Amino acid sequence: MKKKTRIILASTLALALVACATVAYIYKPQQNNTDSNNPVVKESTDKKEDSKKVDDNSAKPEKRDGYSPDKPINTGDQQSSGSKKSVVPIVSGYGLSADKQYLQIDGGVNSIVENGGSCEFTLYWAGGSISRKSSSFAGPSSTSCHMIEIPLSELPSGVDISVKVSYSSKLYTGESSNNPSFRKESLR
């Protein structure tokens, strides 16, 4: 009887191990390599020191620190505007230059990869605005705008300042919808 009990116990243990291995294999988490291929994560920091990254899904300024989700836009949902297709560029980040004299802003379009487009960054507030243009360049999976710099001396104090970016090329056009806002005093 003792030998039979050992065989039953060993068989039950082996069956339990096989069941656990099967469950672990079925529910094994998938590895996600999107961060290693995302040009925003690999962003150069040689010109940026105190960067604030924009979360384009956030409504409150205190929740804006950190990278935006940068989810690619489904290109199948693009609508045609005349002969150009509509895209939605993003303001991907802003911050002070190393010498703390300039506001640096960058952005791009996640749903396309092309060279030759142009970006226009507009900062606006109650009673005024400033715009700067830059060219764009193709990355591995998106189109990026060259960073622009605006002297802090050109920005007003004590008011909310919002940033938007427009993108235009031979094939695409669009304006951002994440439009982060900040106060000049909060950049220091």
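A disulfide is counted here when two cysteine sulfur atoms lie within 2.5 Å of each other. The partners are Cys119 and Cys145, with 2.0 Å between their sulfur atoms. The link is left-handed, at -80° about the S-S bond. Cys119 sits in strand S6 and Cys145 in strand S8 (residues 143–145), so the bond ties together parts of the chain 26 residues apart in sequence. Both Cys119 and Cys145 are buried.

Before going further, a word on confidence. The mean pLDDT of the protein is 74, with 60% of its residues at 70 or more. Residues 29–78 are another matter: the pLDDT there is below 50, although the model gives this stretch 83 contacts beyond near neighbours in sequence. Where pLDDT is low, predicted coordinates should not be read in detail.

The largest nonpolar core holds 25 residues, and the members touching the most others are Leu103, Ile105, Leu123, Leu155 and Phe182. Two or more residues come from each of strands S4 (90–97), S5 (102–109), S6 (118–125), S9 (148–151) and S10 (161–168). Leu123 makes a handy example of the packing. Leaving aside residues up to four places away in sequence, Leu123 touches Leu103, Ile105, Leu155 and Phe182, and its other contacts include Ile130, Ile150, Ile161 and Val163. Gly128, Ser129 and Ser162 are also among the residues that Leu123 touches.

In one of them, the side chains of Glu154 and Arg132 meet at 2.7 Å, N to O. Glu154 belongs to the loop between S9 and S10 and Arg132 to strand S7 (residues 128–138), which puts the partners 22 residues apart. Glu154 has a relative accessible area of 36% and is partly exposed; Arg132, at 26%, is partly exposed too.

Asp160 pairs with Arg183, their closest N and O atoms 3.1 Å apart. Because Asp160 is in the loop between S9 and S10 and Arg183 is in the segment after strand S12 (181–182), this bridge ties together parts 23 residues apart in sequence. Asp160 is partly exposed at 47%, as is Arg183 at 37%.

The remaining salt bridge joins Glu175 and Lys164, at 3.7 Å from N to O. Glu175 lies in strand S11 (residues 172–175) and Lys164 in strand S10, so the parts tied together are 11 residues apart in sequence. Glu175 is partly exposed, with 41% relative accessibility, and Lys164 is partly exposed with 23%.

Methods: Residues are numbered from 1 along each chain as its sequence is written. This is a predicted model: local features need pLDDT of at least 70, side-chain atom pairs count only at pLDDT 80 or more; totals for chains, interfaces and linings use all residues. Side-chain values use heavy atoms; hydrogens and water are left out. A nonpolar core is a set of buried Ala, Val, Leu, Ile, Met, Phe, Trp, Tyr and Cys residues joined through side-chain atoms within 4.5 Å. Buried means under 20% relative accessible area, exposed over 50%, partly exposed in between (1.4 Å probe, protein chains only). Helices (H or I, at least four residues) and strands (E, at least two) are DSSP runs, numbered from the N terminus. Contact means heavy atoms within 4.5 Å. pLDDT is the predictor's confidence in each residue, from 0 to 100. A salt bridge is a side-chain nitrogen of Lys or Arg within 4 Å of a carboxyl oxygen of Asp or Glu.
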